[in-house]
Amino acid sequence: MSTSTSRFTIAAAPDQGRSNRVRFLLGCGAVAGPLFLTTVLVQESTRAGFDPSRHPLSALSLGDFGWIQTTNFVVTGLLAAAGAVGARRVLGSGPARTWGPRLLGVFGLALVVAAAFVTDPVSGFPAAGTGAATPSWRGQAHNTAALVSGLALDAASIVFARRFLSRGQHAWAAYSIAAVAADLAAAGIAATTGDFRWLLLGGAVTWTWASAISLKLLRQHTTGQDTGRSVDCG
């Protein structure tokens with residue numbers, strides 16, 4: 001083996017290792033949203049006494065099987081945070097380079113914080129709980145973390161929309177703006193009607209949007225648009 005060939009082999013190995021790590025991180029981000037939503041929907045259809053119209057999804061953390069939703073918060077949050085790290089490594093210069101990954105990271109880590117503070121019983125769920133007239137500090141901490149998570153994801157959508165617009169990717173820009181609009185509209189309807197299914201619908205839109213962004217970056221990286229250096233999302 002010549003000296004030049006040996007140097008090429010040594011240099012290529014770290015690049016391949018880096019590429020594999022980036023693919024793994026972005027893959028984590030891609031599965032986060034669908035995993036969270038699927039786990040919630042399965043629980044809503046199987047937990048006795050749970051009414052998705054009257055009970056927020058956080059209430060699934062209560063009762064004998066509450067550990068499932070608590071684990072869902074933690075696993076999804078860590079997967080989303082990993083996806084944010086992967087996004088930071090492949091995004092090039094321009095809009096969303098810095099704040100896009102940061103906001104995606106806040107979205108994920110806030111879910112982990114929400115898992116650490118279990119929400120209060122609400123509207124008779126679980127059966128042993130009657131719902132507190134005044135939220136406990138743990139319930140307030142949970143609600144704050146959940147709010148921060150949702151707002152961070154909405155802000156990330158706007159940041160990425162600006163990036164897509166700057167690159168003429170109008171379909172992705174429209175998707176990003178529509179995700180924010182749908183989430184805020186659903187939250188408004190939920191506040192007006194008291195039907196928590198609207199909150200789930202709005203969240204589902206933004207969670208899948210975040211996964212779509214990770215999938216887009218993963219496909220871009222895998223098809224060779226990333227040569228080992230930071231690249232533009234577009």
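**Note on helix packing and a buried histidine**

1. Helix 2 and helix 3 meet through two sets of residues. Helix 2 contributes Thr-70, Phe-73, Val-74, Thr-76, Gly-77, Leu-78, Ala-80, Ala-81, Ala-84, Ala-87 and Arg-88, and helix 3 contributes Pro-101, Leu-104, Gly-105, Phe-107, Gly-108, Leu-109, Leu-111, Val-112 and Ala-115. Sorted by class, the contact of helix 2 with helix 3 has 14 nonpolar residues, five polar and one charged. The model is a predicted one.

2. The geometry of this pair is as follows. Helix 2 spans residues 66–90 and helix 3 spans residues 99–116; they pack at an angle of about 165 degrees, and their axes are 7 Å apart. Angles over 145 degrees count as roughly antiparallel, so helix 2 is roughly antiparallel to helix 3. The two helices cross in a left-handed sense.

3. Helix 3 also packs on helix 4 (residues 137–166), at an angle of about 160 degrees and with the axes 8 Å apart. That angle makes helix 3 roughly antiparallel to helix 4. The crossing of helix 3 with helix 4 is left-handed.

4. Which residues make the contact of helix 3 with helix 4? From helix 3 they are Trp-99, Gly-100, Leu-103, Leu-104, Val-106, Phe-107, Ala-110, Leu-111, Val-113 and Ala-114; from helix 4 they are His-142, Ala-145, Ala-146, Val-148, Ser-149, Ala-152, Leu-153, Ala-155, Ala-156, Val-159 and Phe-160. By class, the contact of helix 3 with helix 4 has 18 nonpolar residues, three polar and no charged. Leu-104, Phe-107 and Leu-111 of helix 3 are listed in its contact with helix 2 and also in its contact with helix 4.

5. Is His-55 buried or exposed? His-55 sits in the loop between helix 1 (3–46) and helix 2. Its relative accessible area is 1%, and the cut-off for buried is under 20%, so His-55 counts as buried. Leaving aside residues up to four places away in sequence, His-55 touches Gly-49, Phe-50, Val-122, Ser-123, Phe-125 and Phe-196.

6. Some totals for the whole chain. The secondary structure consists of six helices and zero strands, in the order α-α-α-α-α-α from the N terminus. Of the 234 residues in the chain, 44% are buried. Among contacts with a separation of 6 or more, 72% join residues 24 or more positions apart.

Technical notes:
Residues numbered from 1 in each chain as written. Predicted model: local features only at pLDDT ≥ 70, side-chain atom pairs only at ≥ 80, totals over all residues. Heavy atoms only, no water. Helix = DSSP H or I, 4+ residues; strand = E, 2+ residues; numbered from the N terminus. Buried < 20%, exposed > 50% of the residue type's maximum accessible area, 1.4 Å probe, protein only. Contact = heavy atoms within 4.5 Å. Axes fitted to C-alpha atoms, helices over the stretch in contact; angles between N-to-C directions. Parallel < 35°, antiparallel > 145°, perpendicular 65-115°, else oblique. Left-handed = near helix turned anticlockwise from the far one by under 90°. Nonpolar A, V, L, I, M, F, W, Y, C, P; charged D, E, K, R; others polar.
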